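Please open the model in your viewer and keep the sequence panel beside it. The stops below can be selected one after another.

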Amino acid sequence: MVPRTLYLERIRPFYDSPLIKVIVGVRRCGKSVLLQQIASELGREAPASLIVFIDFDDYANRHLLDPEQLHEHIISQIDKHPGQKAYLLFDEIQNVPDFELVINSLNNSSRASIFLTGSNSKLLSGELATKLGGRTLSFRMMPFNFREFLQFKEDELRPGVFSGHLDPDALLPLYLEWGGFPLVCAQDTDESRRVVLDNLYSSIVLRDIIQRSKVSSAVTLENVLDYLIANSSATISGNNIAASLSDSARKVSAPTVYDLLRSIEESYVVSKVDRFDIRGKKVLSFEAKEYVCDLGFFHVRKNRVKDEWNCILETVVFNELISRGMRVYIGKTYRGEIDFIAERDGKRCYIQVAYLMPTEETREREFGAYAAIQGNYPKYVISMDPITASRNGIVHLRLLDFLLDESLLTLG
C-alpha cells in the first residue's frame with residue numbers, strides 16, 4: 001500500500017483538532033485508503049476501541065445509512081469511554097441523508113475528532129457549511145502523482161520496499177498516457193487500463209453527476225464533459241461550449257451548459273482555474289481554464305490532436321501543484337499570460353510550461369513571457385527538453401526532475 005505522504009503530512013497536525021477534517025476528491029483517487037492510513041496512525045496512540053471507521057459504500061453498513069441509527073451507534077461507542085476522545089472516520093458520508101445534522105450533533109459534543117471523505121464538493125456546501133460555519137478544514141486529494149505512481153509500481157515488484165530502483169525515464173510515458181488512478185495503475189495491459197478507465201468514467205457520470213445533481217439530459221452532460229476533457233488547459237466559456245455542441249438538429253443553451261459545468265466541477269473530474277491580474281492584484285471572473293483531474297481520462301475521451309503535448313504537460317504540472325497543496329491561478333499580464341501562479345502560505349512562484357524549446361524563437365517566447373512581470377517571486381520554465389538552459393534568473397526545469405523532486409520548486 002502506497003503511503004499517501006503528501007496528504008498525511010498536511011492532515012496530521014489536525015488529528016486532535018476540534019475542526020472537522022474533510023477529504024474531497026474525484027471518485028477512486030484513494031480517499032478510502034488515505035482514511036485507513038489515518039486510522040492506522042491514530043491506532044499507534046489511541047486504543048482501537050476509540051477509533052470508529054465506517055465505509056458507507058459497504059453494504060454491511062447499510063443500516064447506518066439511517067441518520068438516527070448512525071447517531072445512536074456512534075454515541076453508544078463514545079459512551080463506552082467516558083472522558084476520552086474518540087476518533088470518527090466516515091468514508092463517503094454524503095450517502096447518509098441529513099448527515100449534516102448527525103455530524104453537527106457529534107461535533108457539538110466535543111467528545112470526538114471527526115474525519116469525512118466525499119466525492120462531491122457539495123459535501124462542503126449547503127447545510128454542513130451553514131451549521132458548522134468555519135469549523136471545517138478541507139483537503140483536496142488527487143490520483144497518484146508521478147512519485148506515488150513509481151512507488152506503486154515498485155511495491156508491485158517488492159511489496160513494502162521503496163528503493164527507487166525503477167527507471168523514471170522509462171515509466172514517465174506510461175504515466176503521461178494512462179494517468180494515476182490506483183485501479184488503472186494496477187493493470188498490466190493497455191486494454192485492461194482502458195476498460196477500467198471507461199468504467200470509472202461511467203461510474204462518475206452516473207453516480208456523482210447525474211444522480212446527485214439530477215441532470216435531465218445524460219447525452220448533453222456527456223457531450224459537455226467530453227468537450228472539457230478534450231480541451232483540458234484551454235480557455236473555455238459556457239457560450240463557446242453551447243455553440244460548439246449545437247447544430248441544426250439540436251440546440252444547447254449557455255445556461256444549461258453553465259449548470260452542467262458546475263455539476264462537473266463539483267465531482268472533481270475537472271478543475272476550474274481563474275485568471276489573476278498580476279498588475280491589478282485581483283482575481284478575474286472571465287476566461288477561466290479547465291484541467292482534467294487525470295491524464296487517463298484525457299487519453300480515453302480526447303478528440304483532438306492539435307497541441308496535444310502542450311495540453312498534456314500543462315495538465316500534469318497543474319495536477320502536481322494541486323497535489324502539493326497549492327492554490328493555482330492563470331497569470332494575466334498586460335502583454336499576455338503566465339501559465340501558472342502557484343501560491344501556498346502567502347508565498348508564490350510563476351511557472352511557464354512548454355513541451356520542447358528546440359529553437360531560440362521558442363525559448364525567447366517562453367522566457368520572454370516574464371518580461372512584463374515586476375517583483376522577485378521565483379520564476380520557472382518547465383519542459384521536456386533533455387538539457388536545461390536557465391537564463392536571466394529564470395530557472396529551467398526538466399518535467400521529470402520537477403515531478404520527482406518537490407524541493408526544486410521554491411516559493412518566495
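Where does H81 lie? In this predicted model, selecting H81 brings you to the loop between α3 (67-79) and β3 (86-91). Its relative accessible area is 17%, and because buried means under 20%, H81 counts as buried. If you show its contacts and leave aside residues up to four places away in sequence, you will find that H81 touches S49 and L50.

Next, select the strands of the open sheet, in which 5 strands follow the order β2-β3-β4-β1-β5 with parallel pairing. β2 (51-55) and β5 (136-140) stand at its edges, and each has a single partner strand, so one side of each is left without a neighbour in the sheet. Neighbouring strands here are turned against each other by 15 degrees on average, direction ignored.

Within this sheet, colour β1 (residues 20-24) and β4 (residues 112-118), which pair in the parallel sense over 4 bridges; K21 stands opposite F115 in β4.

The last stops concern the backbone. Most residues other than glycine have a negative phi. D98, in the loop between β3 and α4, is not a glycine and yet has a positive phi of about 55 degrees; this residue is partly exposed, with a relative accessible area of 47%. Finally, go to Y268 in the loop between α12 (254-266) and β6 (270-277), where phi is also positive, near 70 degrees, and where the residue counts as buried at 10% relative accessibility.

Definitions and conventions
Residues numbered from 1 in each chain as written. Predicted model: local features only at pLDDT ≥ 70, side-chain atom pairs only at ≥ 80, totals over all residues. Heavy atoms only, no water. Helix = DSSP H or I, 4+ residues; strand = E, 2+ residues; numbered from the N terminus. Buried < 20%, exposed > 50% of the residue type's maximum accessible area, 1.4 Å probe, protein only. Contact = heavy atoms within 4.5 Å. Pairing = 2+ DSSP bridges. Axes fitted to C-alpha atoms, helices over the stretch in contact; angles between N-to-C directions.
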